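Me: I am new to this structure and would like to go through some of its residues and contacts. Could we begin?

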Amino acid sequence: MEILQESDNSIYLKFISRDKQFKLADQECKFKYMQLDLDTLQTGWGRYNDGYEWSFCDTVGSLGKKPDGDGWKPAFSIWVMVDGVEDRPLLWQRPTANEFETIKEMLRACKQWTEQKPNLPTFRLLEPKVMQGKFGEFNRASFEFVDWKPRKDTFVIPTFDAPNDDDWISPNAGLSDKVDEQVAKSGDLTEDDLPF
């Protein structure tokens, strides 16, 4: 069913080790450069348990106390901009030890964060590194620090809050008046009054 497929407009970036590539939903996300917004960095723990769960630490760069329960892995969240998706930033938010190690390497490469503001660290994507783990070989995303560059104009972090503008009118405004009007006409609402 189409409704269950992930959108091509996904904002969630992920690195798939077996495919050796970054993806948005199930589509390859091709890019050469990535810019990080360090002010949005969060670190801690995450897991997938009928949906993603996050427990980010107040101290950036620290994992904090591991939550109770199974399946928790080192996690991070950071907004990034890549040159392959020019119209919007992407949220790289993952509970995987593999990607957590990648972001740690990137952060070590761009020291003295506060001294470089308002510029942002920019990285070049390299070929994935082949790593040896306890279950065999795997691929890890690899980047090379380029420089501190000005923020791209389209690197605007979206807000997902409802508008708090006093002039904003809800699309449901007046609906309760219509219901009250129908009840006054018919005396009561029944299932027959429902439009579906």
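This is a predicted model: local features need pLDDT of at least 70, side-chain atom pairs count only at pLDDT 80 or more; totals for chains, interfaces and linings use all residues.

Me: Where does T122 sit in the fold?

Reply: T122 belongs to strand β9, which covers residues 120-133.

Me: And which residues does T122 touch, apart from those up to four places away in sequence?

Reply: With those set aside, T122 touches M34, Q35, E144, F145, V146, D147 and K149. One of them, Q35, also makes a polar contact with T122, side chain to side chain, at 3.4 Å.

Me: How far apart are the C-alpha atoms of T122 and K149?

Reply: The separation is 6.4 Å, although T122 and K149 are 27 residues apart along the chain.

Me: Let us move to K23. Which strand is K23 in?

Reply: K23 lies in strand β2, made up of residues 21-24.

Me: Is K23 buried or exposed?

Reply: K23 counts as buried, because its relative accessibility is 14%.

Me: What does the side chain of K23 make a polar contact with?

Reply: The partner is the side chain of D19, at 2.9 Å. Beyond its neighbours within four places in sequence, K23 is in contact with Y12, L13, K14, I16, E28 and C29.

Me: Changing topic: how many disulfides does a search of the whole structure find?

Reply: The search finds zero disulfides. As for individual cysteines, C110 is buried, with a relative accessible area of 1%, whereas C57 counts as partly exposed at 23% relative accessibility.

Me: Now the charged residues. How many salt bridges does the structure hold?

Reply: There are 10 salt bridges in the structure. As background, side chains of opposite charge can pair when their charged atoms come close.

Me: Which residue meets D37 in a salt bridge?

Reply: The partner of D37 is R151, with an N to O distance of 2.9 Å. D37 is in the loop between β4 (33-36) and β5 (42-48), while R151 is in the loop between β10 (136-149) and α2 (175-186), so this pair ties together parts that are 114 residues apart in sequence.

Me: How accessible are the two partners, D37 and R151?

Reply: D37 is buried, with a relative accessible area of 4%. R151 counts as partly exposed, at 32% relative accessibility.

Me: What does the side chain of R47 pair with?

Reply: R47 and E53 meet through their side chains in a salt bridge, at 3.4 Å from N to O. In this pair R47 is buried, its relative accessible area being 14%, and E53 is partly exposed at 27%.

Me: And which residue forms a salt bridge with R88?

Reply: R88 pairs with D87, and their closest N and O atoms are 3.1 Å apart. R88 counts as buried at 17% relative accessibility, whereas D87 is exposed, with a relative accessible area of 57%.

Note on methods. Residues are numbered from 1 along each chain as its sequence is written. Side-chain values use heavy atoms; hydrogens and water are left out. Helices (H or I, at least four residues) and strands (E, at least two) are DSSP runs, numbered from the N terminus. Contact means heavy atoms within 4.5 Å. A polar contact is a pair of N or O atoms within 3.5 Å; within protein, one must be able to donate a hydrogen and the other to accept it, and residues adjacent in sequence count only if both atoms are side-chain atoms. Buried means under 20% relative accessible area, exposed over 50%, partly exposed in between (1.4 Å probe, protein chains only). A disulfide is a pair of cysteine sulfur atoms within 2.5 Å. A salt bridge is a side-chain nitrogen of Lys or Arg within 4 Å of a carboxyl oxygen of Asp or Glu.
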